[in-house]
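Please read it beside the sequence and the coordinates.

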Amino acid sequence: MRLPAPLHRLRQPSRLTLAAMTATGALVGALWLSVWWTLKSEYEMHARLALGQADNAAQRLADRASKLLDRFRQTLLFNKHLYERDGRIDFAGLSRAGLTGEHRRTIAYLIGPDGVVIADSDGIGQGHDLSDREYFRATRVGSELHVSRPVYGRLYKRWMVPMAQAMHDRLGRFAGASAVAFEAGLLTDGFALGQYEDTLVAVLRPDGEYLSRRTGSQHSVADHIDPTVIRQLVEQQRRELRPSISPIDGRARFGAIVPIEGYGLNAMVALSPSSALEGYYTSRTQVLVAAVFATLAIMAGAAMLTRQAHRMGDIEAEKERAQRKLVHESQRLRTSLLSDALTGLPNRAAFEARLDAVLDDGQRQDLQHALMFIDLDQFKVVNDTCGHAAGDELLKEVAALLGQEIRRHDLLARLGGDEFGVLLEGCPREPALRVAESMRRRIAEFRFLWNNRPFQPGISIGVVPFAVGEHSRTELLRLADSACYVAKEAGRNRVHVYDETDTAVASRCDELDWVSRLQRALAEDLFELHGQRILPIQPDGDHDVEHVEILIRLRGDDGRIVSPMAFIPAAERYGLMPAIDRWVIRQALAAHAAYERHSGRAARFSINLSGATLADPALLDFVREQLAVQGVAPGMVCFEITETAAIDSLDAAADLVGRLRGLGCRIALDDFGCGMSSFAYLKRLPVDCVKIDGGFVKDMLSEPVDYAMVEAIHHIARRMGLRTVAEFVEDQATADALRRLGVDYVQGYGVHRPAPLLAERAAPAARGEPQREAA
């Protein structure tokens with residue numbers, strides 16, 4: 001029996017058709033194998049990025065929690081020191097000095113050797129028996145600081161985390177415990193990763209118990225997980241590229257745990273896959289859609305081939321084009337995920353992935369590498385004055401210039417904002433330093449023009465030489481960022497190379513030591529007030545009033561006077577100047593009446609205010625209260641503000657000056673002339689007196705320019721109805737010249753050397769004695 005013709009052709013396909021079907025099947029199989037490999041690589045890359053983000057976030061949470069615990073520990077140790085020294089503690093006095101911690105969310109207290117609270121900062125827990133508490137029992141057997149599991153306070157009706165340390169009497173016997181309890185939520189409040197939803201943020205003990213656990217807006221304490229999981233994550237024994245299931249809420253997350261050094265605790269951050277892998281899901285959809293269309297195109301081409309053999313060449317070309325398009329699209333998607341949209345440079349994720357690859361390369365442990373952090377100076381000026389379009393253009397031009405200074409295989413990336421990173425592989429310390437200096441010079445010579453407005457940018461660079469195995473990625477990034485910060489602090493537009501003996505780090509440690517000493521000085525009244533007289537030199541001056549500038553000094557442990565320049569910078573950096581200024585105001589006004597009796601005539605005190613105090617909205621009420629309490633007439637008080645401090649917060653300074661003058665106090669503008677636009681700012685500040693900067697006064701007889709500056713300042717001030725005071729007057733000749741110019745007052749070592757405020761007034765300094773230090 002013979003088959004119909006069409007069936008016969010189907011049963012016996014041509015050799016060309018078989019070849020086309022075979023080629024089609026092979027091509028489709030290769031296509032989907034490529035899709036599988038691409039998606040697998042994409043997933044692994046995004047999973048590693050998610051783990052890296054979790055590591056970074058966990059480290060930041062650990063640093064944040066460490067600073068918080070350090071502050072509580074400092075309070076605890078401070079209370080312990082006071083009690084062991086004095087046998088008692090005045091929490092009310094410490095509270096007035098601002099040394100008892102955060103209000104309402106922390107409680108400082110002392111526990112007697114029998115476990116009963118003997119004093120506390122809230123005043124409601126005395127007599128409460130805590131002898132059954134874990135942290136009190138721990139202090140009996142060890143002297144180390146103990147951080148307890150969370151407890152629900154029976155008095156305060158909230159979950160608190162106690163931390164305590166044993167106290168001892170003079171014979172070394174156990175005398176109880178100094179403790180601080182803080183709300184568990186303080187450890188995680190306010191820490192969030194805005195781009196990630198359902199993020200788990202927690203601080204937990206090594207035994208698996210959470211001190212504080214926050215997921216979104218939900219907060220819990222005292223949950224528990226398997227401590228084996230903690231140990232594996234801390235030691236990075238289990239770094240799987242898939243999320244782990246939480247035994248508490250059953251949700252899958254990418255997690256990381258970092259130890260909180262010095263406290264035996266751990267910081268945990270876990271990211272939900274839906275947020276961390278969002279880019280992967282988008283890429284997967286795009287790749288699959290492209291692959292489906294490519295498959296359909298291949299199959300359509302194969303069908304056409306079976307019908308039109310003569311177009312075989314065209315069909316093959318079409319298939320090749322479709323395959324190239326798929327590969328190109330895959331590469332384009334990968335590039336877009338790892339590139340900065342503005343500059344075209346690799347972004348932070350790509351930079352960290354490349355750094356991880358270098359650190360994981362065990363075969364190159366003998367090579368030296370270098371990591372750089374670069375911060376663009378003056379970027380905010382361009383952004384604020386010309387807009388974000390100008391700032392974006394500046395970033396693109398700077399990125400292009402920096403790229404010209406590195407080798408082809410080096411990596412330059414934009415890390416965010418105006419920060420760049422550079423990874424120099426196989427580059428020792430000295431060549432890396434030459435590259436950094438070359439970059440710095442290139443940007444220093446660059447002029448940025450925007451709408452015919454020129455700008456002079458600069459860069460600060462931190463360099464960290466390293467070898468594989470010396471530091472983790474997190475440590476390297478932190479060291480590079482710190483080195484860049486030191487470069488900026490040192491004056492910007494410079495390079496700072498990190499090493500283990502970095503004196504800048506030691507300097508920062510010294511400042512932290514000053515914080516503790518200044519807090520103690522405020523609590524124990526270790527400051528002293530000195531005074532320097534200001535002498536009227538005009539016949540119509542107010543000679544019946546003694547003018548005195550109040551100066552602060554600190555008595556060191558060795559009994560010697562410490563210059564203010566040794567501790568004022570630390571006080572300004574760490575926000576202690578408002579408290580110090582208030583101490584000076586309170587003590588000076590309290591001594592005013594005694595000084596008038598001592599001197600035998602009326603006295604007007606000049607008190608200096610720092611820049612931070614100028615921005616304190618509560619200062620006016622404090623001054624009004626102290627004037628009333630001490631019974632000092634406002635007109636007998638003159639507040640001095642420096643020109644530079646006033647310029648830094650001009651609106652706030654002008655408002656405060658106006659209000660203080662409204663009380664009846666006088667205002668003097670100190671160090672006038674050292675700024676860049678002194679006369680322009682003088683019009684905006686309603687002051688009574690101008691103190692001419694001593695840098696012009698001390699050499700005015702030998703330097704004509706200095707003489708002219710003194711004369712100009714006095715002339716402008718007199719035109720504005722203001723009195724003038726010349727500082728750094730060292731001899732009678734200078735005083736006589738100032739009198740002839742019409743200056744109202746003189747001050748300096750040639751008039752009176754600073755002395756303790758209520759001590760017997762020192763005689764005027766010998767004529768012509770040089771001034772060696774600022775008063």
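A nonpolar core is a set of buried Ala, Val, Leu, Ile, Met, Phe, Trp, Tyr and Cys residues joined through side-chain atoms within 4.5 Å. Buried means under 20% relative accessible area, exposed means over 50%, and partly exposed lies in between (1.4 Å probe, protein chains only). The model is predicted: local features need pLDDT of at least 70, side-chain atom pairs count only at pLDDT 80 or more, and totals for chains, interfaces and linings use all residues. Residues are numbered from 1 along each chain as its sequence is written, and side-chain values use heavy atoms, with hydrogens and water left out.

**Overall composition**

- The chain contains 24 helices and 29 strands; helices (H or I, at least four residues) and strands (E, at least two) are DSSP runs, numbered from the N terminus.
- Of the 775 residues in the chain, 47% count as buried.
- Contact means heavy atoms within 4.5 Å. Among contacts between residues at least 6 apart in sequence, 66% join residues at least 24 apart.

**Nonpolar cores**

- The largest nonpolar core has 72 residues, and those with the most contacts inside it are F527, I550, I585, F639 and L738.
- Helix 16 (residues 577-599) supplies the largest share of this core, with 9 residues.
- A second, separate core of 58 residues includes V28, V180, F182 and A291.
- Not counting residues up to four places away in sequence, L738 touches I537, Q538, V697, M700, V710, A726, V729, V743 and V746.

- Strands of a sheet pair through backbone hydrogen bonds, either parallel or antiparallel. Here, two strands count as paired if DSSP finds at least two bridges between them.
- Strand 23 (residues 602-609) is largely enclosed by the rest of the structure, because 6 of its 8 residues are buried.
- Strand 23 also pairs in the parallel sense with strand 24 (residues 637-642), over 5 bridges. Within strand 24, V637 stands opposite F605, and E640 is the bridge partner of N608.
- Strand 24 is mostly covered, with 5 of its 6 residues buried.
- Strand 24 and strand 25 run parallel and are joined by 5 bridges; the bridge partner of I641 in strand 25 is L669.

- An open sheet of 6 strands has the order 9-8-7-12-11-10, with antiparallel pairing. Its edge strands are strand 9 (218-220) and strand 10 (244-245), each of which pairs on one side only.
- Strand 10 and strand 11 (residues 252-260) run antiparallel and are joined by 2 bridges; A252 in strand 11 is the bridge partner of I245.
- T215 lies in strand 8 (residues 210-215) and counts as buried because its relative accessibility is 8%.
- Leaving aside neighbours within four places in sequence, T215 is in contact with D198, T199, L200, R251 and R253.

**Nonpolar surface patch**

- Patches are made of residues with over 30% relative accessible area and no salt bridge; like charges are joined within 9 Å, and nonpolar side chains (Val, Leu, Ile, Met, Phe, Trp, Tyr) within 5 Å. A salt bridge is a side-chain nitrogen of Lys or Arg within 4 Å of a carboxyl oxygen of Asp or Glu.
- W32, L288, V289, V292, F293 and L296 make a nonpolar surface patch of about 530 Å².
- Helix 7 (residues 278-307) contributes the largest share of the nonpolar patch, 5 residues.
- L296 lies in helix 7 and counts as partly exposed because its relative accessibility is 49%.

- D671, found in strand 25 (residues 666-672), has a positive phi of about 55 degrees although it is not a glycine. At 25% relative accessibility, D671 counts as partly exposed.
- F728 is likewise a residue other than glycine with a positive phi, near 60 degrees. F728 is found in the loop between strand 27 (723-726) and helix 24 (732-741), and at 23% relative accessibility it counts as partly exposed.

Technical notes. Accessible areas come from the Shrake-Rupley method with a 1.4 Å probe; for residues, only the protein chains shown count as cover.
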